[in-house]
Amino acid sequence: MLPLVAGDSGVRAWLIDEAVHLAVDPSDAESLMAVKAASAWAKEKDITLKIWPLLRELGNPAADVPIGDSQMERLKARRAKARAQYRALEDRRARDYVGLPSTFGLSPQSAKALAIWLRDTSLCRASMAGIWPELSEHLDTGSESIARPQPAEDNLDGAPSLDQVSEALGERGLYTTPAFLVGGHVLIGIGHLPLIEAIWLAKA
Amino acid sequence: MLTVLTDFKSPYAFVANELIWALESRYGIEINWLPLSLNIASFAGSATKTDTRTQGDKPQTQGNRSARQWAVIRYAYMDARRYAENQGLTLKGPKTVWNSDMACVGLLWAKEKSESRAQLKSFMDSAFQRFFERAFEVDNLDAVRALLASTGITTSGFTEYAQGEGMATHLELQDALLDQGCFGVPTFLIDDEIYFGREHLARVAWHLEGCPGAPPIKCYPWLPETAE
């Protein structure tokens, strides 16, 4: 177990350079896909991996565009519709990869419990490489799709709150999920594993 | 058939360009390139950087971008730049939000008039590289015509095409692509599937190979560093 430092100063101490950090939203299929792929990759490459819950999503920046004329507003609406359709398509692909049914969905309580499980497991273990089979046990892939996280294996009194974890990740430039932090570099999206490996090897 | 949507002002399309062209030789196909002109102001706001350093002031940025829009844009250029450098490409951030409709019409013209795939590729490579060196104005008819000429593509009739049929075709295409669910670049259309982003290149290749086994996961290609 890593040295336990209470509160938000603790999580900053845990964002160490000697690990690849992955920030995820446990209720999002794309994040679960990242956990599955990254944990298998880290195990194969013998890379130290930490997986943290990030519960503050950036939202859609397109919503900040000031209201324009009717032509612009029509364009914005059509683009938003196309983007939403595509996101649904990508969500389906991510579910297929992870093996989740189309009905999968976590209640806010289940998502929070899974976030706590991720936080506690990251704090307790030197690495979460190869964690996916264990984590997937906590996902009921049946029709009800209920997460069943187990209690942390160590006493984590004084662990940072989920808000403190998210705040610390945000301070390091992680503002959306899934995203990686390695050697001070922020990389958004699961597709960066080859570059992350190159960064990791360059550090070694 | 593989159709690829691209836009010369997109940093992500820029760093994908060479990798996508490589599919042609690897699989012996001809990619159907289509222009998708991003209306950046409609989803990321607008901004223009005015360089006043000659008068001793700091550069000024004007526009309506929010903090989170800036966060996304800054990350996008930082991310694209590291992949560009990996390919030996220069990527300078544009100083304003461009309308690339004219350069897109140039692509339609180049597709029709190129005498070889190499000539089409030369035009596209030059358009991307020069734009990201801040040496190509994608909204300027004369600049597009000059670029076509520099790559050996005939420009006879281009001005009339760009101001008439070509622009009309391009704008109709933009409507059709948006209706089809295409909103960004690069986008790949293959086997009735849509893939947005170069992280899907491996999956596109998987389609070209006949979809053997499980589809590959998303992956941004990273070229191994070569020794000096």
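The model is predicted, so to speak of local features a pLDDT of at least 70 is needed, side-chain atom pairs count only at pLDDT 80 or more, and totals for chains, interfaces and linings use all residues. Residues are numbered from 1 along each chain as its sequence is written, with chains lettered from A and ligands numbered from 1 in the order in which they are written.

**Chain B overall**

Let us begin with chain B, whose secondary structure comes to 9 helices and 6 strands. Here helices (H or I, at least four residues) and strands (E, at least two) are DSSP runs, numbered from the N terminus. The C-alpha trace of chain B spans about 60 × 45 × 45 Å along its principal axes. A compact globule of 228 residues would have a radius of gyration near 17 Å, and the 18 Å of chain B agrees with that; the radius is taken over C-alpha atoms, and the globule rule is 2.2 Å times the number of residues to the power 0.38. Of the 228 residues of chain B, 38% count as buried. A residue is buried if 20 or more other C-beta atoms lie within 10 Å of its own, exposed if 12 or fewer, and partly exposed in between, with C-beta atoms placed from the backbone. Among contacts in chain B between residues at least 6 apart in sequence, 68% join residues at least 24 apart; a contact means C-beta atoms, placed from the backbone, within 7 Å.

Leaving aside residues up to four places away in sequence, the partners of Leu49(A) include Val20(A), Ala38(A) and Met128(A).

**Where the chains meet**

The contact takes 28 residues from chain A and 25 residues from chain B. On the chain B side, α2 (41-44), α3 (67-86) and β6 (193-196) each supply at least two residues, and α3(B) gives the most, with 5 residues. That side divides into 15 nonpolar, 7 polar and 3 charged residues. In this count Ala, Val, Leu, Ile, Met, Phe, Trp, Tyr, Cys and Pro are nonpolar, Asp, Glu, Lys and Arg are charged, and the others, Gly among them, are polar.

**One helix in chain A**

In α6(A), Val165(A), Ser166(A), Ala168(A) and Leu169(A) are buried. Seen down the axis of α6(A), the buried residues fall within an arc of 160 degrees, so they line one face of the helix; the arc is that of the directions from the helix axis to the C-beta atoms. Asp163(A) and Glu171(A), on the other side, are exposed. Just after α6(A), Gly173(A) takes a positive phi of about 100 degrees.

**Backbone details**

Most residues other than glycine have a negative phi, and most peptide bonds are trans.

| Cis peptide bond | Omega |
|---|---|
| Thr177(A) and Pro178(A) | about -10 degrees |
| Val185(B) and Pro186(B) | about -5 degrees |

Pro178(A) sits in the loop between α6 (162-171) and β3 (179-182) of chain A, while Pro186(B) lies in the loop between α8 (165-179) and β5 (187-190) of chain B.

Asp46(A), in the loop between α2 and β2 (49-53) of chain A, has a positive phi near 60 degrees. Asp46(A) is exposed, with 8 other C-beta atoms within 10 Å.

How values were computed
Two residues are in contact if their C-beta atoms, placed from the backbone, lie within 7 Å.
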